[in-house]
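Dear colleague,

Please find below the structure that I am handing over to you, together with its sequence. My notes on it follow.

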Amino acid sequence: KKYNVAVVGATGAVGTKMIEMLEETSLPMNQVKLLASKRSAGKEVTFKGQTLVVEELVPESFTGIDIALFSAGGNISKQYAPEAVKRGAVVVDNTSHFRMDPEVPLVVPEVNPEALKRHKGIIANPNCSTIQMMVALEPIRQAYGLDRLIVSTYQAVSGAGINAMEELKTQALAYINGTPADKLEANILPSGGDKKHYPIAFNALPQIDVFAEADYTYEEWKMINETKKIMEDDSIKVVATCVRIPVLSGHSESIYIEVKEEGSDVSKIKDLIAKAPGAILQDDPSQQIYPQALASIDRKETFVGRIRQDIDIDKGYHMWVVSDNLLKGAAWNSVQIAETLHEMDLVRV
Ligand code: A2P
């Protein structure tokens, strides 16, 4: 069995990484089709030494496609994912559009691969910040249960796309060359969909996506709702504060958890992380060893360190969790879902 695979949004920050992940994947493949907007049609991309030409996305693009990886924004997924499914493809969608649909599995392969069995053609890739948090917390949840978690994120600009990365670089250069902060040009962040824009260079913006219910942003709601769906437990208390910082790639998170059961301690938590699939323990304060965003770039794993017992709460722990948001947070998790679908024989060819 060999699959025809399409990448939708192949010229974007995530799409480019999807192509890299497909170059490394064990998934047996026939053809790889690269799709983007009309603007990019004709652009050439090297894939495993061959030249592939980007094509304009149209409904007929999916004829003969078995697996379609989408990362071109929620509206494109809304419009074209059903077109792909109609033509027999399985869709792995990186946008938030289908994530909370009860018919659509929301999957981190290390955590809930069994949910793939219920798929009806579309599988959702969770939010980047949620994914790395799940990789770190699932082994702890399995061992001791999770009563609550409080997370603050320090998110890279690549999560907002290639143009946001360019905006950070341009503003940083302008500021260093003497442009005052109030004269820096900002057109994208904090959210392309919101009215006001602020500089990200040398700044920290406590807004990712637009504001929603109870003055939480959608990004914060995504972390709250997706955690409960992936862990299949609505009783976990989750709250998030999501912050954009001037880092190009690699999301960092400060996570506080309270476990349910008795018997945990820091060394047991560290052992669980050290053995967890997809996680790497980097925790040695005496040697200043802890996860860092820069070091996470181009790595598929989630790095966990700074694990400490809370000062006042016996069952409370703090940790620092870092991963490449374009890889485990997006492109790698999507390709890993495709590999898992293949291993579980869930791609209908
Ligand atoms: P294009 O480069 O042709 O605009 P990013 O998240 O880095 O901004 O990337 C978004 C991706 O989604 C790009 O590959 C972009 O292609 C693609 N995209 C945006 N609008 C469309 C559209 N109308 N049809 C197909 N692909 C689109």
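Helices (H or I, at least four residues) and strands (E, at least two) are taken as DSSP runs, numbered from the N terminus. The expected span of a helix is 1.5 Å times one less than its number of residues. The model is a predicted one: local features require pLDDT of at least 70, side-chain atom pairs count only at pLDDT 80 or more, and totals for chains, interfaces and linings use all residues. Residues are numbered from 1 along each chain as its sequence is written.

I begin with helix α4. Its 15 residues (162-176) should span 21 Å at 1.5 Å a residue, and the 22 Å between its end C-alpha atoms agrees with that. For burial, a residue is called buried if 20 or more other C-beta atoms lie within 10 Å of its own, exposed if 12 or fewer, and partly exposed in between, with C-beta atoms placed from the backbone. By this rule Ala164, Glu167, Leu168 and Gln171 are the buried residues of α4. They lie on the same side of α4, because they cover an arc of only 100° around the axis; the arc is that of the directions from the helix axis to the C-beta atoms. The face turned away from this buried side carries Glu166, Leu173 and Ile176, which are exposed. Just after α4, Gly178 adopts a positive phi of about 110°.

Helix α6 (residues 266-275) can be described in the same terms. Ile269, Leu272 and Ile273 are its buried residues. Seen down the axis of α6, they fall within an arc of 95° and so line one face of the helix. Ser267, Lys268 and Lys275, on the other side of α6, are exposed.

Next, the ligand. It is surrounded by 17 residues, of which the closest are Gly12, Ser37, Ser40, Ala72 and Gly161; a residue is taken as near if its C-beta atom, placed from the backbone, lies within 6 Å. Two or more residues of this shell come from each of α1 (13-24) and α4. By type, the shell divides into 7 nonpolar, 9 polar and 1 charged. Here Ala, Val, Leu, Ile, Met, Phe, Trp, Tyr, Cys and Pro count as nonpolar, Asp, Glu, Lys and Arg as charged, and the others, Gly among them, as polar. Domain 1 (3-125 + 330-343) and domain 2 (130-325) each give at least three residues to the shell, with the domain bounds coming from an automatic or database domain assignment.

I turn now to the strands, where two strands pair if DSSP finds at least two bridges between them. Ala6 stands opposite Lys33 in β2. β1 is mostly covered, as 5 of its 6 residues are buried. Met29 belongs to β2 and is partly exposed, with 17 other C-beta atoms within 10 Å.

Antiparallel pairing is found as well. Strand β9 (residues 146-155) runs antiparallel to β11 (residues 251-259), with 8 bridges between them; Val151 has Ile255 in β11 as its bridge partner. A further 8 bridges join β11 to β14 (residues 316-323), again antiparallel, and in β14 the bridge partner of Ile257 is Tyr317.

Finally, some backbone details. Leu189 and Pro190 are joined by a cis peptide bond, with omega about 5°, and Pro190 lies in the loop between α4 and α5 (218-230). Asp215 is found in the loop between α4 and α5 too. Although not a glycine, Asp215 has a positive phi of about 65°, and it counts as exposed, with 7 C-beta neighbours inside 10 Å. Arg306, in strand β13 (residues 302-309), is likewise not a glycine and has a positive phi of about 55°. With 16 other C-beta atoms within 10 Å, Arg306 is partly exposed.

With kind regards
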